[in-house]
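Trainee: Please take me through the helices and strands of this model, one feature at a time.

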Amino acid sequence: MCLDIDDTLIDFTAASRRSLEALIGRTDAWELWERVTDEHVARVVSGELDYAEMHARRTQAFLAELGTCVGLAEAAELEVGRKELLRTSWRLFDDVLPCLEWLTAAGVRVAAVTNASGAHQREKLAGLGLARFFDYVAIAGEVGVAKPDPVMFHSVCFKLGCDMSETVHVGDKLRTDAVGARDAGLGGVWLNRGEADVDVPAGVHVISSLAELPELLVSEFVRIGVPAQR
Ligand SMILES: [Mg+2]
């Protein structure tokens, strides 16, 4: 069983938006922030940019697009303040712990699979008391590929010791998570926490809460998380 982290387990967007708004004093720049972040994460995944520098460079580029030029050192300082705020404001969705407890009780091997680029994702899981539920944590910046690249999904299956056909991935991004997993030969489940009127591609399962996951697994994926016979 593979689970995305941000906006699947952790209400990351709400916390990020709040901390960004505190940083810049305005509420209309979230889409720009997401785009600039995606561009910089892609540069880390491709090896073009060092992870240690990425956040300051991202914040510098973002502010430049808003018309404010700051040096790298100042961008790094602003980033420290934003992260402090972020660390104190993220929280788990209410459906997460019951779902992870069910998976553990069922003996299913579980991986966290994130497109974030740094080891802070492990600290985040540990800080929220989730580390004990995961057999493996796959971080795009460490693996060198990101979802929806099938290599990302295949490497996680290998680490879990499970065949693709016996592994399911759940995430909040329809293309990156659910369609990517389906195309890589895994079960693809889209966690739609609130978007309406979306055309869901064939072969993708949809749930609106992690509370629906156990029933879906029992009815549709009988052998998930069982290590392959070798
Ligand atoms: Mg996500």
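Trainee: Across which strands does helix α6 lie?

Mentor: Helices (H or I, at least four residues) and strands (E, at least two) are DSSP runs numbered from the N terminus. Here helix α6 (residues 120-127) lies across β2 (111-114) and β3, and runs at about 140° to β3. Axes are lines fitted to C-alpha atoms, for helices over the stretch in contact, and angles run from 0 to 180 degrees between N-to-C directions. Another helix, α9 (residues 174-183), packs on the sheet and touches β4 (168-171), β5 and β6. The direction of α9 makes about 160° with that of β5.

Trainee: What should I know about the model and the numbering before going on?

Mentor: The model is predicted: local features need pLDDT of at least 70, side-chain atom pairs count only at pLDDT 80 or more, and totals for chains, interfaces and linings use all residues. Residues are numbered from 1 along each chain as its sequence is written.

Trainee: In what order do the six strands of the sheet stand?

Mentor: Two strands pair if DSSP finds at least two bridges between them. The order is β3-β2-β1-β4-β5-β6, in an open sheet with parallel pairing. At the edges are β3 (136-139) and β6 (204-207), each of which pairs on one side only.

Trainee: How many bridges join β4 and β5?

Mentor: Four, in the parallel sense; H169 stands opposite G188 of β5. Strand β5 (residues 187-191) also pairs with β6, again parallel and over four bridges. There W190 has V206 of β6 as its bridge partner.

Trainee: Is β5 mostly covered or mostly open?

Mentor: A residue is buried if 20 or more other C-beta atoms lie within 10 Å of its own, exposed if 12 or fewer, and partly exposed in between, with C-beta atoms placed from the backbone. β5 is mostly covered, with five of its five residues buried.

Trainee: Why is D135 classed as partly exposed?

Mentor: Because D135 has 15 other C-beta atoms within 10 Å. D135 lies in the loop between α6 and β3. Contact means C-beta atoms, placed from the backbone, within 7 Å. Leaving aside neighbours within four places in sequence, D135 is in contact with R109, V110, A111 and L160. D135 and A112 are 23 residues apart in sequence and 8.4 Å apart in space, C-alpha to C-alpha.

Trainee: How do the axes of helix α1 and helix α4 cross?

Mentor: A crossing is left-handed if the near helix is turned anticlockwise from the far one by less than a right angle, and right-handed if clockwise. The axes of α1 (residues 12-24) and α4 (residues 72-89) come within 9 Å and cross at roughly 145°. The crossing is right-handed. Residues in the contact include L20 and L23 of α1 and L85 and L86 of α4.

Trainee: At what angle do helix α2 and helix α3 cross?

Mentor: For α2 (residues 30-45) and α3 (residues 51-65) the angle is roughly 145°, with the axes within 9 Å, and the crossing is right-handed. Among the contact residues are W33 and H40 of α2 and M54 and F62 of α3.

Trainee: Into which domains is the chain divided?

Mentor: Domain bounds come from an automatic or database domain assignment. Domain 1 covers 2-10 + 92-220 and domain 2 covers 12-89. Their centres, taken over C-alpha atoms, are 25 Å apart. In the contact between them, 11 residues of domain 1 meet seven of domain 2.

How values were computed:
Contact = placed C-beta atoms within 7 Å.
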